[in-house]
Amino acid sequence: MRVLVVEDDGPVASGIIDGLTMAAFESLHVETGRAALAAMTSFAPDLVLLDLGLPDMDGSEVCRSIRSSSQTPIIVVSARDEEIDRVVALEMGADDYVVKPFGMRELIARIRAVSRRTSAGAAAGSGAGDAAVGGADGSGARTDRVLGSLVIDTRTQRVSLAGTEVYFTPTEFDLLVYLSRDAGAVHRRADILHDVWETTWHGTTKTLDAHVAAIRKKLGNPGWIESVRGVGFRFGVPE
Amino acid sequence: MAALMGIALLVLLVQDIPLSNYLRQVETDRLVTSLERDAFVLAGRSEETLETPASSATAPTEAAALTAAARGYRDSGGARVVIVNADGVAVVTSDDDQSIVGDSYASRPEIMGALGGQITSGHRYSDTLQIDLLYVTVPIVNGQDIVGAVRLTFPEQVVTDAVTRQISVLGLVALTTVVLAGIVGFIFSATVTRRLKVLQHTTERLADGDLDARADERAGAPEIRSLSVSFNRMATRLETLIEQQRTFAADASHQLRTPLTALRLRLERARELLENDAGTGIAGSAPDTGPGPGSAGAAEAAAIERLAAAEAEADRLGSIIEGLLVLSRTESSTAPVVECDVARVARERVEHWQPLAQELGLGIRYEGPDHATVCAIATAPEQIIDNYVDNALSASTSRSIDAGPEREIVVRVASLSPGWRVSVLDDGPGLSDEDCARAFDRFWRADSDAPGAASGNGLGLAIVAQLARASRAAVRLERRREGGLEASVTFDAGVHSAGP
């Protein structure tokens, strides 16, 4: 998979490229919007990581130019977390929006999710199946996630435990989906807050703990989500 | 307005008393002068009659003529006339009843004076008529001899009436003036008051965060217009400052987040490289589970541990940056103050924190009324309570030595007429009075040795204070007598505030 990294900040770009290489992606780094548009034909990437603050032109302008000639998925990587920035980028044809600072694992997870979604849309063979809508999951893609006795349906937002439906608040559901996506892995607090809560500041350090405690209580067994002291949480099927 | 008119009327009344005295004096003088003149005229006419001896044939005719003249004078609005001869005996009167002709007036002081050659005038009380009289007496002179006297009397009442009439006319004029001035003043001040009210309304809009609020600079009195211009200048300046702060927040977010991203990616990568190299194997294994079962050297394990710690520090840096941005945005926020039910919010927050408190072996409960409407910016009560509960949970778990079974956190809503106080009470170690006062400062940390203290960004309570300020509420930390801390926020009551 070929990834074009459009980022004017050298250290960030090399950090990303390093991570992409490790995840076995082929990547090219460009620093300007013009170079990015040129690389669209010369490099022919499968996905574009686009920073909005570029020296020569506005990121959303680049986004629109790319979108006018190709359906290559675009993930915007930005330091701006205002809702309006997000909306503008998504309106301009971006497929996802990641706010700095982010972790490499999150970025790679998003790259995979976006390319899966767009290729699923392309496979459906329908021109109207616009990848940016993100609803392309519906066509044949699995929406159920089964972990032991727990079944999470991301499409209908329903969770059942040993056949009985369990009700979660939207935030609890998002958190559960996030943690269970990579069962067994330790998720760092900062990453969880950044990725699940997104723009909204969590306000207090214990908000995350409160939600985890609520999920544990509803699942009836604290073993589902294990606290890793000083780091974060790990999801797992209790023995 | 009414007070002003009352003062004007009082001044008028006070001035009327000397004025009426003065008028009475003037009127009396005028009357006396006119009576003297008339008396002299009558005296001139009487001269011949008195000279004529009573025995003379023409005497009755002359006396009758003089009587007719005296009556004529009386009827033309003049006074009562009595003419006496040199002996003080009444010769002619203007009375219809001529019974007193022949009576002696010689004993009367004014007649005595007149017969002595003096012109006298004054007041006296008439026993006969039972009224105050004004009199003038003049001698009748023929060459060197005084042949008699003329006395004119006038009821004092006439003078009083004249004075009263003049005073009442003056009073009426004055009253009309006061009323007219009052009406004009009222219309004028009503205009000014209305303009001031409009300006006050605009000021309140600005205070509530509507930065577009501007006063009309072209309406009203010059003073109001000038005030409006000053107000608009202030509003514009305020808007610029807030705009600058917002821009700063956005700039700072971009400038700080980008290098932080680079730092994080590198730390993460370095740790992963070491972990892979050490052959820990399991992807995403926790760094604090110690060296893996593989061939990891002690040095590599130590390096991994340090890198994980560095990552945690980078996270903390990120948390501080986010906190500062939130604080900065809250400070420049122009979110409007709205009504919200703080009792409902408090109950919801208790429910939200219940599972975590339970895990930590603590109780948490709500205490207060079903509803309590207060004025606050939309999410402020929720965020403030969350911050307080967060701190209370830390405080309650920090002292594990004498942990009794009864430990609990109480979120209490109490009526504090006319507002509502929301308190979060814990039975942790509490704070010193000095710390209570400083805890709302930025970057203040309780006990840096306490577990978890380092994980906070030191901005929670600063944000609480800012949210409270924006909601026009007051925050406070207080040591509880029974131990622990009471963190409270006092809101203004909303319009539809329900009683407890």
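This section describes a sheet with its packed helices in chain B and a helix pair in chain A, as found in a predicted model.

In chain B, an open sheet is built from five strands, which follow one another in the order β2-β1-β5-β4-β3 with antiparallel pairing. The antiparallel pairing of β3(B) with strand β4 (residues 131-142) of chain B extends over seven bridges. Within this part of the sheet, Ser121(B) has Val136(B) in β4(B) as its bridge partner.

Two helices of chain B accompany the sheet. Helix α1 (residues 2-51) of chain B packs on the sheet and touches β1 (80-85), β2, β3, β4 and β5 (145-155) of chain B, its direction making about 40° with that of β4(B). Helix α2 (residues 59-75) of chain B lies across β1, β2 and β5 of chain B and runs at about 50° to β2(B).

In chain A, helix α6 (residues 170-181) packs with helix α8 (residues 207-219) at an angle of about 85°, and their axes are 10 Å apart. Angles of 65 to 115 degrees count as roughly perpendicular, and α6(A) and α8(A) therefore fall into this class. From α6(A), Thr171(A), Glu172(A), Leu175(A) and Leu176(A) take part in the contact, meeting residues of α8(A) that include Leu208(A), His211(A), Val212(A) and Lys218(A). The residues of this contact comprise seven nonpolar, two polar and two charged.

How values were computed
Residues numbered from 1 in each chain as written. Chains lettered and ligands numbered in written order. Predicted model: local features only at pLDDT ≥ 70, side-chain atom pairs only at ≥ 80, totals over all residues. Heavy atoms only, no water. Pairing = 2+ DSSP bridges. Helix = DSSP H or I, 4+ residues; strand = E, 2+ residues; numbered from the N terminus. Contact = heavy atoms within 4.5 Å. Axes fitted to C-alpha atoms, helices over the stretch in contact; angles between N-to-C directions. Parallel < 35°, antiparallel > 145°, perpendicular 65-115°, else oblique. Nonpolar A, V, L, I, M, F, W, Y, C, P; charged D, E, K, R; others polar.
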